[in-house]
Amino acid sequence: MSFTSLSSAWLFALIIPLVIFYFLKLKRPRQTIPSLVLWRQVMNDQRVNSPFQRFKRNLLLLLQLLLLALLVLAAMQPFLRREPQRAARLPVLVDVSASMAALDKSGGRSRLDEARQQLRERIDAMLPDQELCLIAFSKSARKLTGFTSNKTELRDAVAGLVVDDVPGELDEALHLAQALARTAPFDRVLVLTDGNLPARANFELPFQLDLQKIPAAGANIGITALNARRTTGSEWEVFVQLACTANTTATTATLELVESGKPLASEQVAIAPGTAPRLAFRLRGERPLLVCATLRTSGFDALAADNVAWLKLPAMRPLDVFVPESLATFRHALAALDGLRIFPAKDIPSPTTYDLAFVEKPEDAKLAAQVLCSVGFVPEELRALVSIEKKGTAAIDWRRESPLLQHVGLDEVLFMDDPVTTAGKDGQAFRLLGYEALADGPHGPLALTRNEGERTRVHLLFHPDRSTLPYRVAFPVLVSNLVQAAQRANGLSESAGQPTGVLRVPGFAAAANVKVTGPAPGTRTEQADESGIATGIPAPRVGEYLLTSGTHEERVGVSLLSPEETSLAAVDEVQFADRIAVSTANFAPKTDRSLWWSLAFAGFILLLVEWWWFQRRTV
Amino acid sequence: MTAAQVTSLLTNRDLDRLARLRLNASRRFTNRARGEHLAAKGGTSTEFCDTRDYSPGDDVRYLDWNAFARINRPYLKQYHQEEELHVALLVDASSSMMFEGKFDLARKLAAAFGMLGLRGSEKVSACSLQNASPARLAPCSGRASAAKLFAFLESLEPGGEQPVEVGIETFLRQHKGRGVVVLISDFLTTGDLRRAFNLLHGAGLEPFALQILAPSELAPEVSGDFRLVDSESAATLDISSANDLLTLYHEYRTSLEQQIATLAQQRSGRALTISAAEPFERLFFETLRRKGWVA
């Protein structure tokens, strides 16, 4: 047993005035009797004056001394040392990722409830010189309290913990703890988690880390992926990936696709423990859809957040492609592809914006297009970096993994335009302008790309007509890749469910105020950027988010879609960047036990006994 | 007191019952004056006592001529001497007797014993034991003195701090006459009771000691801590855990009772400890009669 406030022992000096006042101020009830003769004889008897009788005679004093001793001991704040390493300052990182909402049984407690319970026990056991700092983390981390010994504040923070429907990551929480250590040093960090964390963390541990694992949850089945791919016809092929834990008791599950309350499709699937069934549906794509996939199981399901997912499918339409008449090779290649409207065209007015544009003149580079491909000239912003010389050259390297150059082979292709990088400039200068080289010649980049918000710019610094490329199969493939890029940019080729985290929703006016209403109570207002994209919208909850700006509104469904969270798998060890592995502990370590309240309570009981003793002494 | 009652101390019924009782003194300390009590020595009454050898000078009128005629030796017939018995009533009227009816019972007992004396044609005197100048009732006799006795006892006011042994000494300075002293007190004194009893015995008084204790003295109901105050001296005594001391208290109280009984019996007297809560009728007409104090 140790004492937190040993200096309070001076209070034992109060025994002296207590004894003095006891004998000076002892008020005894007076009782007049005929004669003291017999009582004097009694009091003079040797038996009355034995040490034991003296003790009994001064029982009230002894009770008061005992009471004082208890109070002074309580003031010295004793505690039982049960924790091998007692931390005066302890940051506690509480996992609030989606898996923490998993229940242990039907109608049971969630992992966060267990964490709350352990936190409350730790707060109750806090000694006066100890301070806790609560940090909640999921994909990001937020500090709930600073280092404080205020139990009320800590308990309020614990009560306010809510689960974010996002995967858990430890890195940011540890970085936040590290930042805290600069102002308030500490040696240990405690992590309360269900263990559903990445097995590796990109963090070098400057402190001791205690990973305390909360007991595992029950069986779970959920949707881990929801996406769609455009078929050759005007249909969407929707894929739903399910996953279930090895201990599941459910035998069947029903997946239902609903749009605005109207069922679109439904399928029942047999569930085997540990499997990951995949379902496919076909939906017509004439109109935009916000499809809600809902999973219902026949048995217990620990996590509810992964039983629903949304998928936004735009209406299918032909792509508007601008190709000047002079680019006949491109027109020829595009004519072989379906679902395109090529402009300029006879009898069809040209639209103001295009999905894909091929330009060969610098003045056409300002055309409003989702994907713009310039050919044969150097864009204005690159003229200081590169120039085109009229001489033959060949590609020496290209990015085969880029979607734009997928299946495009540039070997043995001759180019009569040779881009030459300005002397003194290198690839870094292009990267500083946001450009990425797709293909490189011996003297400079042959093709560059740059993403400008929602738009993509591709610059071919050679003219295909002055190369052997049109005579190669690579050319139509390149054109097809550009068409697919345009389709992807417009969401017309494939679509995936929006996971929880941060939203990025295009389609608003530039710098428009966007009001966001989510599944959680309350609304917030964000401002769209110059491209009309509302970015940085936090979406930590699964559900539908409504974004409105004036009369324009966008509805977005946000889903968990995390195989890791759905699996509820718990790591036994987390590997850190400095090759330190921290094992998770399955039991809560014993905390130091404060005894002051026990002593104070004993003192109170003693006070009651003394009061009773004082009150009962009636003659 | 109703109009028909003679005294507030005793009911008329008690007075009637007293008329049938006599004080039963074990030793015959009597006055020379003629009375109804038979003296130990031979006397001139009509009640035959014994015979003895004739000595020259004896009154020949008391010769037993029948015996002389039969055996031709002179014997003298002796008769009981009927002498007067002095009944002294000593009533402790100190402050310690003011509790729980002790003094009232003492006055009733004194009145009863006094009435026995007056009805027996004895001299009865009374004295209170309370201070240096106690109230006294001069010796009186005859039933006509009953009113005087009752008036005296009724007029007694308790209060005073004189110990009982000092009161006895004060009383004996002015007392004359042998007989019985009815000493009614609680005997709660630190003084020397042996000396007081010796003085009484030396004065020819057979002690009838009645110790009256209040119920709270016989069985104190005390516990915890308190401060006791002496009713006479106002002295204080702090007691803690009194309930634990009760055993000792009873030991000392019993010891005092035995001491009084021993002191009285050694001087041919009687002693009895009674509770102030005990009804007078049962005490006097049953207890004292059964114990042979009255007959």
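Helices (H or I, at least four residues) and strands (E, at least two) are DSSP runs, numbered from the N terminus. By this convention, helix 12 of chain A spans residues 596–616 and contains I605(A). The structure is a predicted model, in which local features need pLDDT of at least 70, side-chain atom pairs count only at pLDDT 80 or more, and totals for chains, interfaces and linings use all residues. Residues are numbered from 1 along each chain as its sequence is written, and side-chain values use heavy atoms, with hydrogens and water left out.

Chain A as a whole holds 12 helices and 37 strands. Of its 619 residues, 47% are buried, where buried means under 20% relative accessible area, exposed over 50%, and partly exposed in between (1.4 Å probe, protein chains only). Among contacts (heavy atoms within 4.5 Å) with a separation of 6 or more, 68% join residues 24 or more positions apart.

The C-alpha atoms of A577(A) and R200(A) are 7.7 Å apart, although 377 residues separate them along the chain. Leaving aside residues up to four places away in sequence, A577(A) touches A201(A), N202(A), F203(A) and E204(A). A577(A) counts as partly exposed because its relative accessible area is 39%.

Key
Chains are lettered from A and ligands numbered from 1 in the order in which they are written.
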